[in-house]
Each structure stands twice: as C-alpha cells, then as structure tokens.
Amino acid sequence: MAPAPCMVPSDTAPPDTSVIVVSRQRPALLRRCLMSLLQSDHPRMEVIVVADSASLARVESFRAAGLRLLAFDAPNISAARNIGLAAAGGAVVAFIDDDAV
C-alpha cells in the first residue's frame, strides 16, 4: 500500500528554512550555486555559506542579499556542516553542495 501524499493546506506558511552551503577552494562553483539559491521564491529562507577565506572573498557581494558567510578552511566537510548547523535558525535545515544549482 502506497503512503498517503503529504498535503499541506495552502493557507499554511512555509517553515523557516536554513540552507547550508559548504565549499572549499571552488569559488566559481560556489558563486553559481548561490546565484541559483537567490532565485528561490521561498519566503522564509536563510542561506549560510561555510567556506575558505578566498572563496568567501569572491562571494562577499552576496552578503548584501542577506547571506551569512562563515570562514572555515580545513578539509573536513563534516566539521564545516556542523559549523553551519550551529549557526542555523530555521526549523528545517537543508544542505546543498556547491556544485548543485
């Protein structure tokens, strides 16, 4: 038996959502991913970027769009994600790789 579809009433506001992007030494991919995220129409979404200092410098202009930029430059994606998670304020947290659009 198939599970029942998840039905959300149309008058229900979407939950506060945190999207965490972790990147290391891939500023061009990070920039493309952030440009894609900024086109989202989710009304209650924060984007948190955890990346090395050089990559953050390349996307500093995105801070004006409300993105939170956190420096972390170690080859440890789990630790980077945990830093983003600690900064997240959303009831729902999503992770996206820097090479996704």
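Predicted model: local features only at pLDDT ≥ 70, side-chain atom pairs only at ≥ 80, totals over all residues.
Let me begin with the layout, where the chain has three helices and four strands, and where reading along the sequence gives the pattern β-α-β-α-β-α-β. The C-alpha trace spans about 50 × 30 × 25 Å along its principal axes. Of the 101 residues in the chain, buried ones make up 31%, and the accessible surface comes to about 6,200 Å², with 56% of that surface belonging to carbon and sulfur atoms.

Two further values concern the chain as a whole. If we take the contacts with a separation of 6 or more, 70% of them are accounted for by residues 24 or more positions apart. As for charge, there are 9 positive and 10 negative side chains, and the centres of these two sets lie 6 Å apart.

Now I would like to turn to strand S1, which covers residues 17–23. Seven of its seven residues are buried, and so the strand is largely enclosed by the rest of the structure. In general, the side chains of a regular strand alternate between the two faces of the sheet. In S1, Thr17, Val19, Val21 and Ser23 point one way, while Ser18, Ile20 and Val22 point the other way, and all of these residues are buried.

Which strands pair with S1? One is strand S2, residues 45–51, which pairs with S1 in the parallel sense over seven bridges, and within this pairing Val19 stands opposite Val47 of S2. To get from S1 to S2 the chain passes through helix H1, residues 27–37, and this β-α-β crossover is right-handed. The other is strand S4, residues 92–97, which also pairs with S1 in the parallel sense, here over six bridges, and in this case Ser18 stands opposite Val93 of S4.

Finally, let us move to a loop. Glu60 lies between helix H2, residues 53–58, and strand S3, residues 68–71. Is Glu60 buried, partly exposed or exposed? With a relative accessible area of 37%, Glu60 counts as partly exposed, because that class lies between the buried limit of under 20% and the exposed limit of over 50%. Arg81 is 21 residues away from Glu60 along the chain, and the C-alpha atoms of the two are separated by 20 Å.

Note on methods: Residues numbered from 1 in each chain as written. Heavy atoms only, no water. Helix = DSSP H or I, 4+ residues; strand = E, 2+ residues; numbered from the N terminus. Buried < 20%, exposed > 50% of the residue type's maximum accessible area, 1.4 Å probe, protein only. Contact = heavy atoms within 4.5 Å. Areas by Shrake-Rupley, 256 points an atom, 1.4 Å probe, with all protein chains shown as cover. Lys, Arg positive; Asp, Glu negative; His and termini not counted. Charge placed at Lys NZ, Arg CZ, Asp CG, Glu CD. Pairing = 2+ DSSP bridges. Right-handed = clockwise from strand over helix to strand, strands pointing away.
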